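Student: I have just opened this model and would like to understand the words used for it. Could you walk me through them?

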Amino acid sequence: YVDMVAHLEAVPEAKAVVNFAPILLEQIEDYSRQVGDYLRDGMPIKDGLLAALVEPTMTADPERRLKLLHDCRKANRERQIDRYPIFSRLTDMAAWVQQHREAVNYVNAQFIADIVVWYHLIWMGETVKLSDARVQRLIEKGSGFSFHDRVEVLEIIGDLLSTVIYRYKALARKGRIELSVTPYAHPIMPLMLDINSAQEAMPDVVLPLLDSYPGGEARVKWHLRKGLETFKHFFGFEPAGCWPSEGSVSERTLQILSELGFKWSASGGNVLANSLHASGMVNHTMHHVFKLDSADIACFFRDDGLSDWIGFEYSKWHADDAVADLIKHLENIADFQPEPAVVSIIMDGENAWEYFPENGYHFLSALYQRLVDHPRIQLTTFSEVLQAQEKPKVLPKLVAGSWVYGSFSTWIGDADKNQGWDMLGDVKK
């Protein structure tokens, strides 16, 4: 999140939509408070991995040590671990200790301290590594980290946590980005509204015994109102757009979003493909704004191909080649569409970058700059597209689904998932 905002700050003409789940905003605030309370008053930190940074005498408990060694290896081997030879050696040693558990009693406290510090250093944003002299000094030191060094890592994390939300807010105020929201605790709204909506994209799906989720509609509206309230608390205004959890939409979901005043929503390209097919509009291209016949809200659909190239393929390319390839695809879309195309590239904000060299720094820097400089491509936001009087294409039918395969298979239809719904229904009743 720190890197994403830094890239947008670095290219003043860049535009993007950034979505926040309300509980993430609360978690950032909570972590910021915990770190601040420790640094001011020595209050304990609840997160075990963060707390380990500042244990004055590193834990001697063998089970806790084994857990720390396990957790500190959670990083991309090629891009994050092997990039730093010292950390690479530490993780190899940690792996050996985990296979020979009794050996943990012979591991000294310095080894644990060093691997914990390195874990937090490798997960720092690339923009932080390039600009923060404290991080650079610690990486240069490489081993034998003192208690003072460990507190310094926590101070750096505290600085980042306490400013990251404000940095997004500042860009939004200047009109350089648009901020949108997800329902409060990330519910899959269409299934809460109508569990049978899973059959729209998966006609043969085996559903739970539960015929409906008790009080589902009231819960959905609560999550949306609570989400708006939380968003407003942090940013000072209500957003125009909602990215439903996992891009999960149905006709009733969009109607409720419209009733609550949202101007746009978005989902995956497979949802649109299913909906165009069901509406007898198979020859329509996807690069438009759409509007459902039965709901007064604009809907944008992700270009799955281009988005997934960024998510899964371009990390293996040289950054300049990857950016040139993406731009070529966008030029091709423009060449073959008779009217201005709206291409929605939608991604998890955090998942792709650990697979890229240097956390995607070179790719993202080049991408924003090349797009801004391009004579035919305009970076924009969903609200700006609507303000430009882009006339939505009417969609007679929407096939309920998510951005994951265009269905709800991730959350329903297997024996264990169905049992989960049934148990949840019993508890609700």
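This is a predicted model: local features need pLDDT of at least 70, side-chain atom pairs count only at pLDDT 80 or more; totals for chains, interfaces and linings use all residues.

Student: Why is the pair of F20 and F235 called tilted?

Tutor: The ring centres of F20 and F235 are 5.7 Å apart, and a pair needs centres within 6.5 Å. Their planes stand at 45°; under 30 degrees would count as stacked and over 60 as edge-to-face, so this pair is tilted. The pair joins strand β1, which holds F20, to helix α13, which holds F235, 215 residues apart. Both residues are buried.

Student: What makes the pair of W264 and F382 edge-to-face?

Tutor: Here the planes are at 70°, and the cut-off is over 60, so the pair is edge-to-face. W264 lies in strand β4 and F382 in helix α19, 118 residues apart. W264 and F382 are both buried.

Student: How do you know that the charged end of R219 sits over the ring of W222?

Tutor: The distance from the ring centre is 4.9 Å, and the limit is within 6 Å, along with an angle within 35 degrees of the ring normal. K226 likewise lies over the face of Y184, at 5.4 Å from the ring centre.

Student: Which residues lie nearest the centre of the second largest pocket?

Tutor: They are Y1, V2, W123, M124 and L161, out of 36 lining residues. By class, the lining has 20 nonpolar, seven polar and nine charged residues. The pocket holds about 1,300 Å³ of space.

Technical notes. Residues are numbered from 1 along each chain as its sequence is written. Side-chain values use heavy atoms; hydrogens and water are left out. On a 1 Å grid over the protein atoms alone, a cavity is a set of points where a 1.4 Å probe fits but cannot get out, and a pocket is an open set with protein on both sides within 12 Å along at least five of seven lines; lining residues have an atom within 4 Å of a point. Grid points are joined across faces, edges and corners, and a volume is the space filled by probe spheres set on the points. Ala, Val, Leu, Ile, Met, Phe, Trp, Tyr, Cys and Pro count as nonpolar, Asp, Glu, Lys and Arg as charged, and the others, Gly among them, as polar. Rings of Phe, Tyr and Trp (its six-membered ring) pair if their centres lie within 6.5 Å; planes under 30 degrees apart count as stacked, over 60 as edge-to-face and the rest as tilted. Helices (H or I, at least four residues) and strands (E, at least two) are DSSP runs, numbered from the N terminus. Buried means under 20% relative accessible area, exposed over 50%, partly exposed in between (1.4 Å probe, protein chains only).
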